[in-house]
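Thanks for coming. I will take a few minutes to walk through one structure, strand by strand and then chain by chain.

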2 protein chains.
Amino acid sequence: MKTNEVFKTILNRRSIRKYINREIPDSIIESILDAARWAPSGLNNQPWRFSVIKDAHIKEKLSSLTKYGKIIKNSGTCIAVFYNIPSGYNRDKDLMSIGASIQNILLASESLGIGAVWLGEILNRKEEVNSLLEIEKDNELAAVIALGYPDETPSKNRKSLESLMLKKFGKT
Amino acid sequence: MKTNEVFKTILNRRSIRKYINREIPDSIIESILDAARWAPSGLNNQPWRFSVIKDAHIKEKLSSLTKYGKIIKNSGTCIAVFYNIPSGYNRDKDLMSIGASIQNILLASESLGIGAVWLGEILNRKEEVNSLLEIEKDNELAAVIALGYPDETPSKNRKSLESLMLKKFGKT
């Protein structure tokens, strides 16, 4: 296994759900969002859009829309990621590119010492999220990322590489 | 904008479609795949599977299934990424997590000096890819990533961060 800063960040990244009570500077959030926009997308259509939620009152309301609301409430800032339908050209490919953009958010955060977790259960109430955040229907909620300075160091596990490998065609 | 190795890699990564004629060592491909498996997924379901294609004869056949075949043919190695349907729990979320895994592949490659491009047009003939690679239908082709030592330094552009921002809720 190679070790450089990128690999270390990919491997060390954890879903962080507990945060200390400390504000994340705006410059950090902006850098994280800047990383998000450099993800690849089919036809370079960049179908991602973002809403930043730092306001405690809105976070409180947002937290009522998922059973993982406590995470949102205790986070420093949330980034809601949307799929901009008019920019789309193929739902499957567009969603994968949004996943790539989210991974940039998570890795950029980790590299700056910010904990993050990708929340998906809230998609069950995506229309209500749009309504709360005053976002039109042509932007569809794809995920909410909660961010904060970490107050836990969870472990994580993965399937072995061997178990993920299908057929191999090579000279080796 | 922050600058550390992770940010540099995210920003410097380009879609590389031209490669010099040099083999990629197996240890590098293995490291790149190892990075892929550490992506996040809903319920940690890890719905990604991989097939590695290094064999020139199979690459030749694979290249006939997309109009971007020349890239595949000239690549050192291709990684076909599949969506393992039986592991899935929500197609949208599963596809986004596969996108996160693909982004790990692209960033890990970039960090090791390997050029890569995410090929999607080949999904038009996904069943034929499965057939060629002898992969059962419960694994659905999600992307083919072509890899090789770069023989070009393309530019890339993105929408401004401002144009991607929806409403902001904050104290600032």
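Start at B:Ala80, whose bridge partner in β4(B) is B:Val144. This is a predicted model, in which local features need pLDDT of at least 70, side-chain atom pairs count only at pLDDT 80 or more, and totals for chains, interfaces and linings use all residues. Residues are numbered from 1 along each chain as its sequence is written, chains are lettered from A and ligands numbered from 1 in the order in which they are written, and side-chain values use heavy atoms, with hydrogens and water left out.

Back to the two strands. β2 of chain B, residues 77-84, and β4 of chain B, residues 139-148, run antiparallel and are joined by 8 bridges. Strands here are DSSP runs of E with at least two residues, helices are runs of H or I with at least four residues, and both are numbered from the N terminus. Two strands pair if DSSP finds at least two bridges between them. On pairing with β1(B), β2(B) is again antiparallel, over 6 bridges. There, B:Ala80 is the bridge partner of B:Ser51.

How buried is β2(B)? 8 of its 8 residues are buried, so the strand is largely enclosed by the rest of the structure. Buried means under 20% relative accessible area, exposed over 50%, and partly exposed in between, with a 1.4 Å probe and protein chains only. In a regular strand the side chains alternate between the two faces of the sheet. For β2(B), one face has B:Thr77, B:Ile79, B:Val81 and B:Tyr83, the other has B:Cys78, B:Ala80, B:Phe82 and B:Asn84, and all are buried.

Now the whole sheet. It is open, has 5 strands with mixed pairing, and its order is β5(A)-β1(B)-β2(B)-β4(B)-β3(B).

Two helices of chain B come next. Helix α5, residues 91-111, packs on the sheet and touches β1 (48-53), β2, β3 and β4 of chain B, with its direction at about 160 degrees to that of β2(B). Helix α6, residues 126-133, also packs on the sheet. The α6 helix touches β5 of chain A together with β1, β2 and β4 of chain B, and makes about 75 degrees with the direction of β4(B). These axes are lines fitted to C-alpha atoms, for helices over the stretch in contact, and the angles run from 0 to 180 degrees between N-to-C directions. Contact means heavy atoms within 4.5 Å.

One residue of α5 of chain B is B:Ser101. B:Ser101 is buried, with a relative accessible area of 0%. Not counting residues up to four places away in sequence, B:Ser101 touches B:Ala36, B:Ala39, B:Trp48 and B:Phe50.

Over to chain A. Strand β1 of chain A, residues 48-53, has 6 of its 6 residues buried, so it is largely enclosed by the rest of the structure. What does β1(A) pair with? With β2 of chain A, residues 77-84, the pairing is antiparallel over 6 bridges. A:Trp48 has A:Tyr83 as its bridge partner in β2(A). With β5 of chain B, residues 165-169, β1(A) pairs in the parallel sense over 3 bridges. In that pairing, A:Ile53 stands opposite B:Phe169.

That leads to the interface. 83 residues of chain B are in contact with 83 residues of chain A. The two chains bury about 7,200 Å² between them, 64% of it on carbon and sulfur atoms. Buried area is the accessible area (1.4 Å probe) that two parts lose on being put together, summed over both. In chain B, B:Trp38, B:Met96 and B:Phe169 lose the most area to chain A, together 12% of what that side buries.

How are the copies related? A rotation of 180 degrees, with 0.0 Å of shift along its axis, superposes chain B on chain A with an RMSD of 0.0 Å. That is the relation of a two-fold axis. The same surface serves both copies, as 100% of the contact residues of chain B recur in chain A. The superposition is by least squares on the C-alpha atoms of residues with pLDDT of at least 70 in both.
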